[in-house]
Amino acid sequence: MVAAGAIVVALAVTGCTPSQSDPPPPDSRIDAAAGTSLHWADGSVVRPTLVDLGDARAANAGSDYEVVVQTDPGNPRVDYLMPLALDPSGALVTARVPADQYTGGPALLKPTGMGSLDDGRQLTWDSTAALVAGDRPRQVYAASTDQGVAAWAETASVRLDVSNWRIFTRGADGKVALLARSEDVFDGDLPLVNGDTTPVVREGRVYWATAAPADDSGSSFDMRVQSRGVDGSAPAVTEAEGASQPAPTADGLFVVRSSHDDATVDDGTATVERVTEPGRTQPFVTYSGPAGTTVQSLVGDDDRVAFVTSTEGDSGGVVYVLGTHDQTAVAIPLASSGRFTSLALCGDRLVWNSADGSGQAPFEPQYVMDLETRDVALVDVDHNYSGSYCSGDLVGWRALSDDPQALATTTITRWKRPR
Amino acid sequence: MTGVIRSGPSVCTRQSDWGTVPTYKLHPPTTRLVAACGAALVIAAATTVPAEASEGPAPAPIGVYVEGPTAPDTGGWDADVTAPEDRLPETPEVKAKIRTALQSLATTSGVSSAVRAQATAELAERGGSVLTNPVRKGAGVGATVAAPTSRTIGIVYTGQQKSYYCGPASAYMILRQRSIVASRDGRGLPLTQSSLATNFLYTERDQETSWASQNMANGINTFSGWDWGYYQAQSPSVATVQGAFTSTVGTNGRLLAADTVEFLNGAHYNGHPNKTIGHWLVGYGYAGSGATTYWADPSTTFYPNASQTFSAATASFTSTYLQTNGIMY
């Protein structure tokens with residue numbers, strides 16, 4: 001399945017790709033074919049081992065994995081559970097969305113509850129309703145869990161463009177607390193410059209990215225990565241200005257700096273950076289290409305980071321998995337028709353799909369890759385839906401159905417190691 | 001080990017610098033958005049309609065100034081949140097509009113027999129019947145005009161100037177396409193998003209363009225001097241939406257709007273995030289006798305992950321996103 005630098009890969013990238021008259025050397029084929037380049041901080045070219053998804057094998061239920069949990073599809077007219085994060089034990093952090101939470105008006109009518117689903121048992125956590133005075137009912141849209149601690153984000157906004165986000169935590173002791181809110185950075189409608197604020201919790205600390213005023217006028221905004229300890233004993237810290245996509249690893253915190261995060265960055269350039277101390281970063285790798293190319297979906301675990309390079313307007317892209325201290329690199333060109341790819345990384349396993357939120361893509365399987373053996377398996381998920389779960393030996397995905405009013409089901413599976 | 005779910009942004013994003021944002025003419029997008037980013041953003045409007053169906057000259061592109069952020073929402077948790085006046089009543093005028101849409105669909109060129117039968121059946125349920133001899137435009141007073149199989153109207157894409165201006169931006173595109181640049185209500189107010197939001201749609205007062213208020217349709221009608229009557233149809237059928245496109249876009253050469261609702265953990269369109277969202281859009285074209293529809297999404301000035309335009313299968317789009325609120329045509 002894998003041959004370092006020797007596989008001819010049919011990239012899905014078209015249109016923005018400059019024509020190539022002569023075939024490039026094998027080890028730079030991926031960069032040249034896409035009209036882009038990826039360099040380590042010392043200026044050397046990243047020379048990845050290529051993985052051809054054309055060689056991916058179909059995974060089999062039973063021999064490769066077994067289904068552990070599958071949620072009901074739900075419907076906005078009834079209460080439903082929405083899994084948001086996965087613990088290695090198999091416990092799910094879930095949002096309980098009440099029936100008719102939103103009926104098309106100016107605001108949500110009912111608050112979302114939080115809890116867990118563990119071995120069929122549902123546990124309801126303390127309400128966050130009263131933790132921010134004056135708030136309207138909020139929706140929960142993202143969560144993360146690690147070592148028994150959960151962090152999640154809520155917003156009262158039903159708009160595409162602004163969010164009064166709040167981050168709450170539930171510690172191992174079961175206590176629910178407010179950790180941060182958008183008013184901490186801007187007292188007004190906070191624009192969504194590069195996605196809504198999504199928490200990532202690791203070893204007792206919560207990381208997130210938020211839009212923040214670029215100057216005192218409050219008329220322009222850049223992105224900013226912040227963090228705070230779960231116990232709330234110290235104020236939030238700004239880890240990096242003009243950056244987003246925090247990805248904590250055993251080798252420290254990594255972030256992305258792109259034109260979406262920092263108006264001074266040239267379009268078509270993005271840097272994955274390591275935070276050396278709060279407010280200070282150093283480049284890890286630099287990606288460049290035509291206007292519109294960028295880095296997205298940065299995730300990290302142990303001594304690896306993974307991300308997707310893509311070009312606005314193009315389908316596909318390339319998934320990179322890089323060692324954080326040994327300059328190892330794996331590249332997986334995507335032949336997907338999808339416009340963005342969701343990644344999850346846990347230990348030696350990388351999980352992704354390129355399905356979008358419509359659930360209408362004709363074939364967007366869930367990929368599961370063992371990074372040690374480079375074995376890539378795919379699960380053909382009908383109506384696959386954006387989002388990937390990975391924790392321990394557990395892998396999850398979401399899917400819609402033919403029912404246009406039905407909500408997504410979540411399937412959690414336990415995977416066996418490839419022989 | 002950490003469980004993390006993260007999705008990256010989608011394509012054709014455009015960094016909002018909160019300064020002057022150009023506007024662009026549009027063409028119908030392909031369902032697979034490949035190789036679009038490197039192309040010029042100023043794109044001539046494509047049309048598949050006969051020359052006689054074309055409307056007046058397309059307005060010149062204009063600049064859009066993106067204003068700064070506005071005051072946050074306020075209000076108590078329980079005290080200020082009341083259910084909206086839910087579903088709109090089907091007034092006689094709305095019933096007539098629905099019959100017009102169904103009539104149009106039943107007589108649109110190239111429509112399948114199954115769709116025609118559906119439109120005819122719904123029309124019969126509403127006490128109408130299909131005129132059997134539709135004629136081309138210009139055939140005389142009272143004649144029914146058969147809509148073309150496909151049509152796309154050239155519009156000046158306009159992103160919303162404020163975060164809650166998806167309604168005013170949509171209304172602006174609709175009126176601008178008709179070259180109505182000043183209100184015809186005796187006040188002569190200029191066509192700007194701000195003016196629409198303040199004086200016609202009451203978006204500034206309400207901090208949103210609510211579906212239930214019907215301020216969208218009433219505001220456009222007032223601004224245009226009731227040059228034509230827009231109405232809001234609650235939870236339309238697929239046939240009604242198809243017919244709204246064939247009659248409004250295909251026959252009359254006008255734009256329409258939709259107030260969509262996307263639910264958390266449900267389907268989302270045009271790269272929108274997985275949250276519960278209410279949002280106004282403009283419909284500017286269709287193909288396949290309305291089976292495919294083309295939409296302009298004004299959110300890109302504030303939500304750069306969306307594309308300015310996208311296409312959708314009308315049946316699934318209607319069933320998924322238009323059943324909580326509906327369409328205005």
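A quick definition to start: a helix axis here is a line fitted to C-alpha atoms over the stretch in contact, and the angle between two axes runs from 0 to 180 degrees between N-to-C directions. Keep that in mind. What you see above is a predicted model.

Let's look at chain B. Take helix H1, residues 92–107, and helix H2, residues 113–125. They pack at an angle of about 150 degrees. Their axes lie 8 Å apart. Angles over 145 degrees count as roughly antiparallel, so H1(B) and H2(B) are roughly antiparallel to each other. Their crossing is left-handed.

Which residues make the contact? From H1(B), they are B:Arg99, B:Leu102, B:Gln103, B:Leu105 and B:Ala106. From H2(B), they are B:Val115, B:Arg116, B:Ala119, B:Thr120, B:Glu122 and B:Leu123. By class, that contact has six nonpolar, two polar and three charged residues.

Now step back to the whole of chain B. It has eight helices and twelve strands. Of its 329 residues, 56% count as buried. Take the contacts in chain B with a separation of 6 or more: 70% of them join residues 24 or more positions apart.

On to chain A. This chain is divided into domain 1, residues 1–70 + 289–419, and domain 2, residues 80–241. How many residues of each domain are in contact with the other? Ten from domain 1 and seven from domain 2. On the domain 1 side, four strands of chain A each give two or more residues: S4 (65–70), S29 (384–391), S30 (394–399) and S31 (409–415). The residues of that side divide into six nonpolar, four polar and no charged.

Definitions and conventions
Residues numbered from 1 in each chain as written. Chains lettered and ligands numbered in written order. Predicted model: local features only at pLDDT ≥ 70, side-chain atom pairs only at ≥ 80, totals over all residues. Parallel < 35°, antiparallel > 145°, perpendicular 65-115°, else oblique. Left-handed = near helix turned anticlockwise from the far one by under 90°. Contact = placed C-beta atoms within 7 Å. Nonpolar A, V, L, I, M, F, W, Y, C, P; charged D, E, K, R; others polar. Buried ≥ 20, exposed ≤ 12 C-beta atoms within 10 Å, placed from the backbone. Domains from an automatic or database assignment.
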